[in-house]
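Notes follow in the order I looked things up.

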Amino acid sequence: MKLLVVEDEAKTGDYVRQGLMESGFVVDLARTGLDGHHLALTGSYDLIVLDVMLPDVDGWRIVRALRDAKSSTPVLFLTARDSVEDRVKGLELGADDYLVKPFAFSELLARVRTLLRRGLAPAFQDQLQVADLVLDIPRRRAQRQNVRINLTNKEFALLELLVRRQGEVLPRSLIASQVWDMNFDSDTNVIDVAIRRLRAKIDDDYEPKLIHTVRGMGYMFDVTHTD
Amino acid sequence: MERRPASLAVRLTVSIGAVITVVLLTFGWIVERSINNHFIQQDVDELNAVVQALTHTLATLPTNIAPAELSERFANAISGHHNAEYRISSEDGAQIYATPGSNLDRFARIAQPVEKITVDTVGIWKDHGQTFRGAVLRTSSDGSPGADMLTITVATGINFHLHYLESFRNYLRIITVAACLIAILATWLAVHQGHAPIRRISREMRRIRSDQLHVRLEPDAVPTELVELATSFNGMLERLENVFRRLSDFSGDIAHELRTPITNLKTQTEVALSQARNVEQYREVLYSNLEEYERMAKMLSDMLFLAQADNKLLKPELVEIDLEAEMRMLFDYFGAWAEEREVGLELVGPQVCILGDRLMIRRALSNLLSNAIRYTPAGGAVTATFGVESTNVRVSIQNPGPPIPAEHIVHIFERFYRPDASRKRSGEGAGLGLAIAKSIVEAHGGKISAGSTAKATVFAILLPGTEC
């Protein structure tokens with residue numbers, strides 16, 4: 001997967017590139033709007049991460065040029081201003097998602113993966129299986145080591161999210177947004193409690209542990225991960 | 001650019017000056033007319049007297065009178081009327097007698113003969129620099145019908161009347177102009193004088209600097225007309241002062257709130273770098289930093305939200321929201337957390353709906369609910385009550401627990417306000433949750449209030465309702 005990052009702030013650009021590369025992506029970094037514009041139109045990328053506040057050619061123009069050229073490359077834009085107009089403008093111009101600075105890298109990574117997955121044919125699997133955990137999606141049932149585990153609706157939704165995105169660090173805000181439709185940060189540790197309860201049901205009595213805490217970032221579902 | 005409206009002094013002076021001029025001109029015109037009418041009446045009286053004397057003379061004329069005798073009689077008939085001139089002619093126009101030196105032939109020819117001399121039937125003409133008023137009268141020679149008809153032309157010189165009128169008119173003009181000038185000057189002075197209080201107020205306003213926003217104008221010390229101005233200005237000053245104070249408090253708060261995490265980060269990093277450590281220890285420092293950054297980022301985004309609310313930039317996207325359903329969703333979200341704290345969640349009341357921004361309303365309710373759950377002792381229950389008050393919808397979120405003292409509750413919605421100064425920062429947010437809830441409710445045209453008794457603390461929001 002090849003990504004283009006257009007970011008004029010040197011440190012942010014470097015770390016975003018490093019982080020994405022270490023997550024397994026090939027990353028080109030453009031440090032000016034002009035370079036970004038050129039690369040976006042000539043290169044072949046699976047996704048573009050675009051800062052809109054660029055001193056020369058701003059991000060809006062790049063998105064517009066891209067869409068004018070009939071390119072459907074997903075665009076995730078980064079904005080410093082949390083204003084509705086900015087968001088609406090970006091999405092109207094054809095951007096696919098946005099993040100407000102300062103953002104958490106884990107959040108950026110999760111959004112990038114979501115966007116990349118969107119292009120793929122959705123996997124309509126009736127059954128998900130990781131190690132000895134089996135999820136029966138239509139019946140909303142889970143079992144581990146062939147033992148049926150009783151989960152509430154939300155617990156099942158949470159588990160399904162974790163399983164579908166195994167190997168990814170899921171920030172708490174993303175979990176709250178995907179499972180409960182709560183699109184804002186809460187001061188509470190609601191997600192931690194929910195994960196703890198889920199763990200009690202699917203992990204506590206079993207090995208290997210599947211749900212892992214990634215400190216300072218969120219949670220990850222993985223078979224081989226070691227805390 | 002729009003033109004500046006004319007100055008008040010000019011406006012007042014011009015309008016008052018115009019009114020005075022019109023009044024004076026009208027007055028002068030009336031006086032002049034009545035004097036003129038009076039003169040005409042006088043002339044008519046004189047002419048009639050002359051005619052009477054002439055008719056009398058005519059009636060007593062002997063039949064065969066010598067021309068010299070005739071002239072003498074006529075000349076004597078009108079002694080005392082120096083200005084009067086007259087001419088008597090027979091029906092065929094032959095002159096019988098005329099005042100010596102007079103020249104009434106032309107007038108006698110062109111003027112329409114009248115039966116009686118009145119104000120309306122006299123005429124005016126000019127002859128050799130003299131102006132005359134006169135009339136042509138037809139009468140019988142001896143007053144009896146059937147006698148020879150005679151034409152009597154009488155006139156009186158009115159030059160001195162006209163001179164009088166002319167000088168009167170000039171006099172009037174001078175008086176009018178002078179009176180207008182005086183009136184305009186007086187008006188201007190009065191206006192200028194009248195504006196003195198405005199200038200005084202303006203001087204006072206100029207003295208108010210940004211560090212003296214507490215200074216107020218004295219509404220009792222200005223004329224009645226300016227009381228409103230002074231009061232409005234004081235009102236504006238008060239609003240400015242409030243915003244100003246809030247802003248400086250806010251930036252002070254930000255600095256204060258950021259100082260702690262930055263100090264932590266700095267100390268931690270410095271200590272970590274002061275000697276070589278193993279990877280695990282470095283990782284620990286970075287994790288700890290990450291948590292600190294998270295908190296700061298969250299605080300920043302909350303503060304940005306509040307700044308937008310302050311600048312009236314929150315533009316709710318209105319959709320119909322079933323508040324009860326929203327609350328159930330939040331109960332679902334917070335359920336596990338509440339359960340773990342052994343706090344129950346209860347919902348009372350009818351289904352109520354509002355028009356609002358779903359994300360914002362959810363956020364406001366979430367802040368109130370999480371706050372309530374947090375302060376409920378184990379075993380207690382948070383109750384969300386819905387109600388309808390005329391066109392409004394009321395949502396109360398009540399929790400048992402230690403009461404919030406009255407001195408704190410008035411400040412409870414202020415940003416960064418924490419009743420308990422020693423309360424730990426960690427896990428409790430930055431003290432912006434209630435301020436955000438308040439901003440959201442107010443952006444929706446609603447009201448939020450807080451009350452606390454020994455038994456329970458209640459946060460209530462009142463929002464314009466809509467049909468479900």
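I began with a strand pair: E10(A) and strand E12 (residues 218–221) of chain A run antiparallel and are joined by 3 bridges. Two strands count as paired if DSSP finds at least two bridges between them. Helices (H or I, at least four residues) and strands (E, at least two) are DSSP runs, numbered from the N terminus. Within the pair, I found Pro171(A) opposite Gly218(A) in E12(A).

Before going on, I noted that this is a predicted model, where local features need pLDDT of at least 70, side-chain atom pairs count only at pLDDT 80 or more, and totals for chains, interfaces and linings use all residues. Residues are numbered from 1 along each chain as its sequence is written, with chains lettered from A and ligands numbered from 1 in the order in which they are written.

Next, the whole sheet. It is open, has 3 strands in the order E10-E12-E11 (chain A), and pairs antiparallel. Strands E10 (169–171) and E11 (211–214) of chain A are at the edges with a single partner strand each, so one side of each has no neighbour in the sheet.

Then I turned to helix H3 (residues 59–68) of chain A. Its buried residues (20 or more other C-beta atoms within 10 Å of their own, with C-beta atoms placed from the backbone) are Gly59(A), Ile62(A), Val63(A) and Leu66(A). Down the axis of H3(A) they fall within an arc of 100° (taken from the directions from the helix axis to the C-beta atoms), so they line one face of the helix. On the other side of H3(A), I found Arg64(A) and Asp68(A) exposed, the cut-off being 12 or fewer such atoms. Lys70(A) follows H3(A) and has a positive phi, near 60°.
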